[in-house]
Amino acid sequence: MGVEKVLTIPEEAQQDKASFEVLRVWIANQAQHVSIRSGAWEDPFAWGIVLADLARHIALAHQLQNEGTDPEAFLNRLLEGFEAEIENPTDEPEGEVTQ
């Protein structure tokens, strides 16, 4: 893992004046912390698409960094973790809405 704390903004997002950030995830004090643009879409189905796309991006990134990775097996294992956490959460979300 690199020493940079902030990830690079994709070039397309930099070039498109209408682009906006919808999700940021940090690990701090051994816990997950998030910022979410919760009002980005009215229909929760859209968030499902974002999560599915994100899972595929994670699998691809892992494959690109680890030769021999089976992206389908990686994605299946990712989904196992997702389902396990949905069924039996290890913690409860908390937070506040800010502007």
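Helices (H or I, at least four residues) and strands (E, at least two) are taken here as DSSP runs, numbered from the N terminus. The model is predicted, so local features need pLDDT of at least 70 and side-chain atom pairs count only at pLDDT 80 or more, while totals for chains, interfaces and linings use all residues. Residues are numbered from 1 along each chain as its sequence is written, and side-chain values rest on heavy atoms, with hydrogens and water left out.

## Overall architecture

The protein comprises three helices and two strands, arranged along the sequence in the pattern α-β-β-α-α. Its C-alpha trace spans about 45 × 40 × 30 Å along the principal axes. Of the 99 residues, 6% are buried, where buried means under 20% relative accessible area, exposed over 50%, and partly exposed in between (1.4 Å probe, protein chains only). Contacts are defined by heavy atoms within 4.5 Å. Among contacts with a separation of 6 or more, residues 24 or more positions apart account for 7%.

## Salt bridges

Side chains of opposite charge can pair when their charged atoms come close. A salt bridge is a side-chain nitrogen of Lys or Arg within 4 Å of a carboxyl oxygen of Asp or Glu, and a search of the whole structure finds three.

| Pair | N to O distance |
|---|---|
| Glu-21 and Arg-24 | 3.0 Å |
| Asp-53 and Arg-56 | 2.6 Å |
| Arg-77 and Glu-80 | 2.7 Å |

Asp-53 and Arg-56 are separated by about one helical turn, because they are three residues apart in helix α2. Arg-77 and Glu-80 are likewise separated by about one helical turn, being three residues apart in helix α3. As for accessibility, Glu-21 is partly exposed at 42%, and Arg-24 is partly exposed at 33%. In helix α2, Asp-53 has a relative accessibility of 34% and counts as partly exposed, as does Arg-56 at 47%.

Rolling a probe the size of a water molecule over the atoms shows where empty space is left. On a 1 Å grid over the protein atoms alone, a pocket is an open set of points where a 1.4 Å probe fits, with protein on both sides within 12 Å along at least five of seven lines; lining residues have an atom within 4 Å of a point. Grid points are joined across faces, edges and corners, and the volume is the space filled by probe spheres set on the points. The second largest pocket holds about 220 Å³. Its lining consists of Leu-54, His-57, Ile-58, Ala-61, His-62, Leu-64, Gln-65 and Phe-74. Helix α2 (residues 44-65) supplies the largest share, seven residues. By class, the lining has five nonpolar, three polar and no charged residues; Ala, Val, Leu, Ile, Met, Phe, Trp, Tyr, Cys and Pro count as nonpolar, Asp, Glu, Lys and Arg as charged, and the others, Gly among them, as polar.

## Thr-69 in the α2–α3 loop

Thr-69 lies in the loop between α2 and α3 (71-87). With 18% relative accessibility, Thr-69 counts as buried. Leaving aside residues up to four places away in sequence, Thr-69 touches His-62, Gln-63 and Phe-74; of these, His-62 and Phe-74 also line the second largest pocket. The side chain of Thr-69 reaches the backbone oxygen of Asn-66 at 2.7 Å. A polar contact is a pair of N or O atoms within 3.5 Å; within protein, one must be able to donate a hydrogen and the other to accept it, and residues adjacent in sequence count only if both atoms are side-chain atoms.
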